[in-house]
Amino acid sequence: MKKLDYLDELEAEAIYILREVAGQFDKPALLFSGGKDSICLVHLALKAFRPGKFPFPLVHVDTGHNSPEVIEFRDNLVERLGEKLIARQVEDTIKVRKLQDGKGKFPSRNALQTYTLLDVIEEFEFDACIGGARRDEEKARAKERIFSVRDEFGQWDPKKQRPELWNIYNGKVDKGENVRVFPISNWTELDVWNYIKRENIELPSIYFTHERECVLTDAGQLMANNEFLSLDETDVIVTRKVRYRTVGDMTCTAAIESEAYTVDEIIAELKDSKISERGATRMDDRISEAAMEDRKKGGYF
Amino acid sequence: MELLRFFTAGNVDDGKSTLIGRLLFDSKSISTDIIETLTKQSKTTGVDADIDLALLTDGLRAEREQGITIDVAYKYFSTDKRKFIIADTPGHTQYTRNMFTGASNADLAIILVDARNGITDQTKRHSIISSILGIPHVLVCVNKMDLVDYKESVFKQIESDYLEFSKPLNLSKISFIPASALAGDNVVTPSENMAWFKGKSLLEFLEDVEIFEDTEIKDARFQVQYVIRPQTQELHDYRGYAGSVLSGSFKKGDQVKIFPSEAVTTIEKIEKNTIEVDEAFANEPIIIHLTDDIDVSRGSTIVPVNDLPVAEKELEATICWMDNSSYQSGQKLLIQQNSFRTKAAIKEIDGKIDIHSFENKESDGSINLNDFCKIRIKTAETISYDSYRKNRKTGSFILINENTNSTVAAGVIG
């Protein structure tokens, strides 16, 4: 017997985890951002549950700072699959909870998403939330379990993680607590792209090169020029051929200069790339060494 | 391309994190922005080298502050030959449970020995844990050879000491490599300082080492994770049992027995990704359809009628206790084996394994954090299993505290 190819092995592991969620929880949800990782999760869910329906809705926490292409892609996908989508707006949370919106030139709502996420978990009493986070993204993520138990405030306590052995997942929680589940924990960015290629998975157009008007930041990053930014006359606006390596709040997610027009070209580009996915695209992780650890402790994904 | 999962055991003092850092660094798996951050940080840790490679793996604030590894960190890299997943596990006794966690899925163990100290209690502990977990291959990496002038005699002595000590253990394959993680000797490229060593460098070894396959286990085992019943008009009678083939293979038409119900039936159909297939193999996620409408639910095990597992309400196992709170006599527990879960109780504690000598000592009735004990468990429902030596998938389990929901122990049946 031949050993499975590594992509088959990663796929099998992810499907196994998705089915464990279906088997262990009463009210699971799949957090869907419209990014490549959560699109892969949807593809894996099709393999895990068809011809049945997904045993969970897709939940989108919308910062309101998404590019329209992503929202359109999301709506088309949901319609094509006939699955349920629950979308919640960070904008509404800000109003209801009287929160301070993001400030400054690039008013990110990345931190504010946590409020909306915790609210939607409470509203539907979700006991498990599946997410597309990967361990190769960031050091704190590299330490997190596949089944990551959160307390009733959504907090991650790295010192109280449950041991997780073999392929045995303990998703037992009390009412009010929930488990964040990461089926593609062991995938790298390149694995995701190789899988997208192999499975011929469709993605939002912003992943591929296109001309875009951008603001050149002091750190040399390219931020899409859009209505959410507060620019002044000193800002440099340039038009460049760019694509996104990651989809997120457009005020804190940078585009990268790229000529990659196809999945093959993206894979070639990534193999050459000297910069990590989060390093290339995220402004928020540059703030401090433990930024992600702190956000996770506060209930973030 | 194949995937190799390995774990590294040792302390930062042994240069474990430095070794991993070196593997990632020299195989060009680290991005420049991360190197930049590290260079900045390294200046504050006071390590002499330009980059403190240990900072690559210690991801939590507490770990960076204390300069130790507390929990497992997973790291990924690939070469043209293989893709690798490293579970970087802590070495200190107090984090033994975290090491056990990281090691459970590994194909290979890398045990680090400081060339100056030779075999220590820690080396023994890590080897014994590898033995209990049945890790197919152990690589002893004798590190810091630069500090003993790259002497062959030092390496040879450690090699023979280790082989002597490990005789009573169940380690099937043991290899040795002399190295210096800090200087880069024998990590990625063969060392010029140790021309006497004719073996492969660590990376070459990892690329070429034979991986023991679950697929080599013949016994066909399948467990139901989830029952798919679309209940739509066109799929009104559809009832499929979703799960992964744990070991062996299943064919359409196979006569099978279901546990715990012990009903006998036939495989009517196997689906893989909605397409019907004639046969399914180890690790493949599939949906099985049975000819008879019998009691099958999550946790039910399906096996061929001519190759049965043990099915009892009792089992003997070696467990590692993982909870901060000690075992309370009569404690209510759940046992979980893959997707099968039932109530359980520890009936007898047959002994405590001294993880420095591998001796089975008489139990005083207590089970504390990081203890390895031989126990007998009784279960509420019949559990079907194989010995762990025979089958890692059906011979392993965890124990859950019914009250706190914590995973309190992990066990191997045997």
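**Exercise 1.** Work out how helix α6 (residues 189-199) and helix α7 (residues 263-272) of chain A are oriented relative to each other.

*Solution.* Step 1: two packed helices are described by the angle between their axes and the distance between the axes. Step 2: in this predicted model, the axes of α6(A) and α7(A) come within 10 Å and cross at roughly 160 degrees. Axes here are lines fitted to C-alpha atoms, for helices over the stretch in contact, and angles run from 0 to 180 degrees between N-to-C directions. Helices (H or I, at least four residues) and strands (E, at least two) are DSSP runs, numbered from the N terminus. Step 3: angles under 35 degrees count as roughly parallel, over 145 as roughly antiparallel, 65 to 115 as roughly perpendicular and the rest as oblique. The angle therefore makes α6(A) roughly antiparallel to α7(A). Step 4: the contact (heavy atoms within 4.5 Å) involves A:E189, A:L190, A:W193, A:N194, A:I196 and A:K197 from α6(A), and A:V263, A:D264, A:I266, A:I267, A:L270 and A:K271 from α7(A). Step 5: sorted by class, these are seven nonpolar, one polar and four charged residues. For the sorting, Ala, Val, Leu, Ile, Met, Phe, Trp, Tyr, Cys and Pro count as nonpolar, Asp, Glu, Lys and Arg as charged, and the others, Gly among them, as polar.

A word on conventions: residues are numbered from 1 along each chain as its sequence is written, while chains are lettered from A and ligands numbered from 1 in the order in which they are written. Because the model is predicted, local features need pLDDT of at least 70 and side-chain atom pairs count only at pLDDT 80 or more, whereas totals for chains, interfaces and linings use all residues; side-chain values use heavy atoms, with hydrogens and water left out.

**Exercise 2.** Describe how α1(A) packs against α2(A) and against α6(A).

*Solution.* Step 1: helix α1 (residues 6-24) of chain A meets helix α2 (residues 36-49) of chain A at about 70 degrees, and their axes are 9 Å apart. That makes α1(A) roughly perpendicular to α2(A). Step 2: among the residues in this contact are A:I15 and A:L18 of α1(A), and A:L41 and A:F49 of α2(A). The classes are nine nonpolar, no polar and three charged. Step 3: with α6(A), the angle is about 95 degrees and the axes are 11 Å apart. Again, that makes α1(A) roughly perpendicular to α6(A). Step 4: this contact includes A:Y6 and A:D8 of α1(A), with A:Y195 and A:R198 of α6(A). Its residues divide into four nonpolar, one polar and five charged.

**Exercise 3.** Find the strand order of the six-stranded open sheet in chain A, and name its edges.

*Solution.* Step 1: the order is β3-β2-β1-β4-β6-β5, with mixed pairing. Two strands pair if DSSP finds at least two bridges between them. Step 2: β3 (85-89) and β5 (147-150) of chain A each have a single partner strand, so one side of each is left without a neighbour in the sheet. Step 3: from one strand to the next, the twist averages 30 degrees. Step 4: as one example of pairing, strands β4 (residues 128-130) and β6 (residues 178-181) of chain A run parallel over three bridges. There, A:A128 has A:V179 as its bridge partner in β6(A). Step 5: α1(A) lies across β1 (28-31), β4, β5 and β6 of chain A, at about 40 degrees to β5(A).

**Exercise 4.** Locate the cis peptide bond at A:P51 and the one at B:P260.

*Solution.* Step 1: the bond between A:R50 and A:P51 has an omega of about 15 degrees, and A:P51 sits in the loop between α2 and β2 (58-62) of chain A. Step 2: the bond between B:F259 and B:P260 has an omega of about 5 degrees, and B:P260 lies in the loop between β11 (255-259) and β12 (264-272) of chain B.
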